[in-house]
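This note is meant for a colleague who is meeting the structure for the first time. The numbered points below may be read beside the sequence and the model.

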Amino acid sequence: MVATAASAPALADSSRTAGATAAESTAELPAVDADVSVSTALATGVERSTDATRTAALRLALTKESEEAAEHARKEAAKAKKEAEARAAAEERAQERAAARAAEREELAAASASSAPSSESAPAAETPAAAPAASGSVGTVLDFLNAQVGKAYVLGATGPSAYDCSGLTQAAFRTVGVELPRTAAEQSTVGTPVAVSDVQPGDLVFWGGVGSAYHVAVYIGDGKYLDAANPSKGVVIQEMSYYMPTSAVRVL
């Protein structure tokens, strides 16, 4: 009985100790769950951070690719613009050259038109004038013409300081006693017609039809002619190949 009574408090204490231990164990379980939740949250955060990093890297790559594409497009546009400007400049130069040639022809045509008799005063039908009598020599005509090189072209002028095309040829042939009509159109109807390919020094060469020529010059040999060209050139020697005449006559 003594042993039993003494043992009772010990058993009670033992029970209390076991109960406390169980309670403590039970109390610690939520802490374990909390640690798991933290670990899970950290893992989720890391995963999200990784995804965000990948997304940012992808966006950066796309941005860089877009910028490179835009830069390439700008370079191509600049290259195309430069090529277009070069083509436009070349076309403009070609047009300027064509315009200059056209202007020269217009000046020649205007000079002839202003000096030619009007259709109202011209006879309805007219036969070509007889060839003027030749006197003197081709050499005299060519010497006179060469002495005029460098003088000015003035519409309607007949010398001695300036000439138009027919004024120059009229003055040149007058030195050998040949009196030519005043205009290129009239001069194209005198003398003996010859082919342009058969011209000789001293022959008159014309641009335009017989009776309607708008410019005249004198063939001087070696594939060249001498004329009062236009206001910008004056009296000059030029290559036949530069501006081929359409007809020719021989008066000497």
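**Notes on the predicted model**

1. Asp-222 counts as exposed, because its relative accessibility is 72%; exposed means over 50% relative accessible area, buried under 20% and partly exposed in between, with a 1.4 Å probe and protein chains only. Asp-222 is placed in the loop between strand E5 (215–221) and strand E6 (224–228). Although Asp-222 is not a glycine, its phi is positive, at about 55 degrees. Most residues other than glycine have a negative phi, and most peptide bonds are trans.

2. On the basis of the note: the model is predicted, local features need pLDDT of at least 70, side-chain atom pairs count only at pLDDT 80 or more, and totals for chains, interfaces and linings use all residues. Residues are numbered from 1 along each chain as its sequence is written, and side-chain values use heavy atoms, with hydrogens and water left out.

3. The chain contains four helices and eight strands; helices (H or I, at least four residues) and strands (E, at least two) are DSSP runs, numbered from the N terminus. Along the sequence, their order is α-α-β-β-α-α-β-β-β-β-β-β.

4. The chain has 252 residues, of which 27% count as buried. Its accessible surface is about 15,400 Å², and 59% of this belongs to carbon and sulfur atoms; the areas come from the Shrake-Rupley method with a 1.4 Å probe, and for residues only the protein chains shown count as cover. Of the contacts between residues at least 6 apart in sequence, 57% join residues at least 24 apart, where contact means heavy atoms within 4.5 Å.

5. How do the axes of helix H2 and helix H3 cross? The axes of H2 (residues 138–148) and H3 (residues 165–174) come within 8 Å and cross at roughly 135 degrees. H2 is therefore oblique to H3; angles under 35 degrees count as roughly parallel, over 145 as roughly antiparallel, 65 to 115 as roughly perpendicular and the rest as oblique. The axes are lines fitted to C-alpha atoms, for helices over the stretch in contact, and angles run from 0 to 180 degrees between N-to-C directions.

6. From H2, the residues making the contact are Val-141, Phe-144, Leu-145 and Gln-148, and from H3 they are Leu-168, Ala-171, Ala-172 and Phe-173.

7. Is H3 enclosed or open? Nine of the ten residues of H3 are buried, so the helix is largely enclosed by the rest of the structure. Among the buried residues of H3 are Cys-165, Gly-167, Gln-170 and Phe-173.

8. Val-149 is located in the loop between H2 and strand E1 (152–153). It counts as partly exposed because its relative accessibility is 38%. Apart from neighbours within four places in sequence, Val-149 is in contact with Leu-226, Val-235 and Ile-237. Val-149 and Leu-226 are 77 residues apart along the chain, and their C-alpha atoms are separated by 8.2 Å.

9. Pro-160 is in the loop between E1 and strand E2 (162–163). The peptide bond leading from Gly-159 to Pro-160 is cis, with omega near 0 degrees.

10. Val-251 belongs to the segment after strand E8 (247–250). At 5% relative accessibility, this residue counts as buried.
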